[in-house]
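Trainee: I would like to learn how to read a structure like this one. Please take me through it step by step.

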Amino acid sequence: MRDHRVFKLIKALGKQAGIPKLHPHALRHSCGVELLRRTHGNLRAVQEHLRHSDIQTTTLYTRLTQGDLEKVVSVFDVKGD
């Protein structure tokens, strides 16, 4: 499938979902984040899969979302004893 076709498909799907500014790179980024989660943080696996020449590029996917941060912090929440 050619790049322009992927771009058109992603844009059309985004429009249908109410996300008119969806870009194909957002899909790539989402896949990278999910792969990092499923490999339990294996940056090298993600780097190879996404064909990044520099591991520093791949570290972008290690950023925490607000939901991830809340889950981590909730571990320290002490419920009434």
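Trainee: In which loop does P20 lie?

Mentor: Some ground rules come before that. This is a predicted model, where local features need pLDDT of at least 70, side-chain atom pairs count only at pLDDT 80 or more, and totals for chains, interfaces and linings use all residues. Residues are numbered from 1 along each chain as its sequence is written, and side-chain values use heavy atoms, with hydrogens and water left out. Helices (H or I, at least four residues) and strands (E, at least two) are DSSP runs, numbered from the N terminus. P20 lies in the loop between α1 (3-16) and α2.

Trainee: Is P20 buried or exposed?

Mentor: Buried means under 20% relative accessible area, exposed over 50%, and partly exposed in between (1.4 Å probe, protein chains only). P20 counts as exposed because its relative accessibility is 58%.

Trainee: Which residues does P20 touch?

Mentor: A contact means heavy atoms within 4.5 Å. Not counting residues up to four places away in sequence, P20 touches K11 and G14.

Trainee: How do I read the length of α1?

Mentor: The expected span of a helix is 1.5 Å times one less than its number of residues. With 14 residues, α1 reaches 20 Å from its first C-alpha to its last, close to the 20 Å expected. Just after α1, G18 takes a positive phi of about 85°.

Trainee: Which residues make up the largest nonpolar core?

Mentor: In soluble globular proteins, nonpolar side chains tend to be buried together. A nonpolar core is a set of buried Ala, Val, Leu, Ile, Met, Phe, Trp, Tyr and Cys residues joined through side-chain atoms within 4.5 Å. Here the largest one has 5 residues: V33, L36, V46, L50 and Y61. The elements that give two or more residues to this core are α2 (24-38) and α3 (43-50).

Trainee: What does Y61 touch?

Mentor: Leaving out residues up to four places away in sequence, Y61 touches H29, G32, V33, L36, V46, L50 and H52. H52 itself sits in the loop between α3 and α4 (55-58), and H52 counts as buried because its relative accessibility is 12%.

Trainee: Where is R51, and is R51 buried or exposed?

Mentor: R51 is also in the loop between α3 and α4. R51 is exposed, since its relative accessible area is 75%. Although R51 is not a glycine, R51 has a positive phi of about 60°.
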